[in-house]
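User: Hi, I'm new to this structure. Could you show me how to read it?

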Amino acid sequence: MLEKTFYKQFLSNSFNIPVTVTYWDGKSETYGEGAPQVNIIFKEAVPIKEITKNASIALGEAYMDGRIEIKGDIQELITAAYENADSFIHNKKFIKFLPKQKHSEKASKEDVQSHYDVGNDFYRLWLDDTMTYSCAYFTNGNTDDLFQAQQDKVDHILQKLNPKAGNTLLDIGCGWGTLMLTAAEKYGLRVTGVTLSQEQFDYVTQQIKDKGLEHIAEVKLLDYRELGDRQWDYVTSVGMFEHVGEENLGEYFKDVNRYLTDDGVALIHGITRQQGGAYNGWINKYIFPGGYVPGLTENIQHIVDAGMQISDMEPLRRHYQRTLEIWDDNFNAKRQAIEKMQGINFTRMWDLYLNACAASFESGNIDVIQFLMTKGPSGRVLPITRDYMYEAQSETVHE
Ligand SMILES: C[S@@+](CC[C@H](N)C(=O)[O-])C[C@H]1O[C@@H](n2cnc3c(N)ncnc32)[C@H](O)[C@@H]1O
């Protein structure tokens, strides 16, 4: 009885849409006004002490192993929790414990490999053919297909750099390599990519060979902190600073600045949080160990402290919401194959992750920003308007 009183209070305050909750004794109650859109079914009670320790971990784990079922749209339910300031997602009372974070070179390697080395065969099932794993750019609104939108994102980034053929580019956290290989093939740049994932490194190495780009493209299995004194004309880093950790973020931007020539341009693209930086219990425990989403102003402060000058900033949150929705559709279209490959708990975990991230963008809890920067006020002067970013590029200029 005590347990149910707690649940009733906890759940009736958590969402800004009406929900029906079916309890372990088979009885249902509806909270909120109007017709319920989602039914949360507790097949058994999640212990109150787990919920009060970290509700997102406790409920996430219960969803993963099937103690909780959700009938209706999971993204809509989680968005409703993000949009409710009193919900357990925001309430410090339910976030007393966070998994420990370490960001040494060794810890970063283990963390990154635990996520990306799930395997290229897994990612191939639900990413598009560019194997890009970051926010796409839907040039024509939401109608573009993901493959086109990922290519457009890469062009959008590279065009912002105003690149000159023959110049050099470093891509920190190059993933499966589409940005760096496009920079080489289409823009004639001499490119270096770094990743900590063995699977990505093997994939990009093969791509460089297959495309005959060995003379202008190289990939390294290295931590971004281990690149020595070398400098590049352009530095890009897409969907990567979220791995760096709060305590290393200032140094990360200083490294970006250090790797740039005096005349260099950097485009750093990543997730920020409106209300200040945060770790997320369940995501940190199961999806991105070591992940940290910085606050927007925290990032800007680090950029300024590193001595860089911001030339342009573009928030793309609705593009990331759309990207995640397409990934989740693709994921569910391949659900059987994924369950066979990774097991049912992993599949439920990953589906929850994609929905939770889409909800976080949808509610505006997080955003994704492209920061375009030069090396201080005396660095390169970019064109005075944004027009140059949208001018069509010539076809392949590959040397
Ligand atoms: C979300 S993926 C993005 C990949 C790619 N930029 C894209 O847009 O598809 C993050 C990338 O950052 C890399 N990464 C994370 N921490 C790193 C580190 N300390 N040093 C080098 N690469 C790192 C990962 O290996 C992965 O390639």
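Analyst: Let's go through a sheet, a helix and an annotated site. This is a predicted model, where local features need pLDDT of at least 70, side-chain atom pairs count only at pLDDT 80 or more, and totals for chains, interfaces and linings use all residues. Residues are numbered from 1 along each chain as its sequence is written, and side-chain values use heavy atoms, with hydrogens and water left out.

User: In what order do the strands of the open sheet come?

Analyst: Strands (E, at least two residues) and helices (H or I, at least four) are DSSP runs, numbered from the N terminus, and two strands pair if DSSP finds at least two bridges between them. Here 4 strands run in the order S2-S1-S3-S4, with mixed pairing. S2 (28-31) and S4 (68-71) are at the edges with a single partner strand each, so one side of each has no neighbour in the sheet. S1 (residues 19-22) pairs with S2 in the antiparallel sense over 4 bridges.

User: Which helix packs on the sheet?

Analyst: Contact means heavy atoms within 4.5 Å. Helix H1 (residues 2-12) packs there, touching S1, S2 and S3 (38-42).

User: And Cys357: is it buried or exposed?

Analyst: Buried means under 20% relative accessible area, exposed over 50%, partly exposed in between (1.4 Å probe, protein chains only). Cys357 is buried, at 16%. This residue lies in helix H15 (residues 344-362) and, leaving aside neighbours within four places in sequence, is in contact with Ile283 and Leu324. Leu324 is itself among the buried residues of H13. The unreviewed UniProt entry annotates Cys357 as "active site"; such annotations may be inferred rather than shown by experiment.

Notes:
Axes are lines fitted to C-alpha atoms, for helices over the stretch in contact, and angles run from 0 to 180 degrees between N-to-C directions.
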